[in-house]
Amino acid sequence: MTRTFDVVVIGGGQAGLAAGYHLRRAGLDFVVLDAGTAPGGAWRHAWDSLRLFSPAAYSSLPGRIMPPQPGEQFPEAGHVVEYLTDYEQRYDLPVVRPVRVRGVHDEGELLRVETDSDTWRARAVISATGTWSRPFVPSIAGRNDFQGRQLHTVEYDNAATFAGRRVIVVGGGNSGAQIAADLAHDTRLTWATLREPRYLPDDVDGRALFDAATARRRALDAGRPDTGGISALGDIVAVPPVREARDAGLLKATPMFDRLTATGVAWADGMTAEADAIIWCTGFRPALTHLASLGLRTPDGRIPTRGTRCATDPRIHLVGYGDWTGPASATLVGVGRTAREAARAIAEWLP
């Protein structure tokens, strides 16, 4: 069966829901295709102790303020899942799941969206698949030699699995700090980072990160010097569990090792560390393979954009992938603005 819409949104997490909210306000006929089996996007798969970087009221999608989680200043992932589930239902967004998109193809005036079930056609497509499904692990000598367990952030659940074990956490960003703090009490922890961790001041949270990202984008758009954005403030938001482990002296960073061995890791100066498990908190890449057949990537592997719109195909918009598709657009509080811009641009462009 083939169905035709003004817009097909690919991805039903926070970015897809924000896009749906604004597409409805723009009066466009649309559908949201989500590969998940239930609402919540990537938040459904987060580790147990994950915290938002901002209070609930400052972590909201357009139109609906996130209610506070009782007893928590920084809500847990489960609270976010409940909020996104309610948001989807409150605005009666047309989400179809589980639908896995295999590819988007050019048919002249229309785009054909091939899935594992039906075929959909649209005059425009918003890609809102995020990054969670494309974890990145750097290439490093000896990765195949290590005999212990290796896992990425996406596979980590909680500290109980690793109690009493020797664990190396790799990565000096927020994920690395939160998971290291989770493990610091009951494991023999080594926390390896490329540089000394930079904590934001304890009174700074995601609101300041959004403001910094927005200021950087405005400066660049106006041709002014780069402000540095979020990186100028620091790398790690000191949410309560991280702050407590840091202040207790449990978060001691070690410089990044040079190679893996059969039983652990080694540094160029001869120092070694034994390990039962290595957790790679080393980030993600945009999940954009469904757009491959359109040939949008440049030789450096990026899809150039003007705002959210693909620079070479005005029918394609990218929402929620980070600063390159809008300031802080990979965050709950930041994605609404870029979703609104995408919906407005599509409404103005469509005949």
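**Close-up 1. Thr254 lies in strand E10, residues 253–255.** Strands (E, at least two residues) and helices (H or I, at least four) are DSSP runs, numbered from the N terminus. This is a predicted model: local features need pLDDT of at least 70, side-chain atom pairs count only at pLDDT 80 or more, and totals for chains, interfaces and linings use all residues. Residues are numbered from 1 along each chain as its sequence is written, and side-chain values use heavy atoms, with hydrogens and water left out. Thr254 is buried, with a relative accessible area of 19%. Buried means under 20% relative accessible area (1.4 Å probe, protein chains only); exposed means over 50%, and partly exposed lies in between. Leaving aside residues up to four places away in sequence, Thr254 touches Thr190, Trp191, Ala192, Thr193, Trp267 and Met271. Contact means heavy atoms within 4.5 Å.

**Close-up 2. Helix H1 (residues 14–25) crosses helix H6 (residues 332–349) at roughly 45°.** Their axes come within 8 Å. That angle makes H1 oblique to H6. Angles under 35 degrees count as roughly parallel, over 145 as roughly antiparallel, 65 to 115 as roughly perpendicular, and the rest as oblique. H1 supplies Gln14, Ala15, Ala18, Ala19, His22 and Leu23 to the contact; H6 supplies Leu332, Val335, Gly336, Ala339, Arg340 and Ala343. Axes are lines fitted to C-alpha atoms, for helices over the stretch in contact, with angles from 0 to 180 degrees between N-to-C directions.

**Close-up 3. Cys281 is buried, with a relative accessible area of 8%.** Cys310 is also buried, at 0%. The structure holds zero disulfides. A disulfide is a pair of cysteine sulfur atoms within 2.5 Å.
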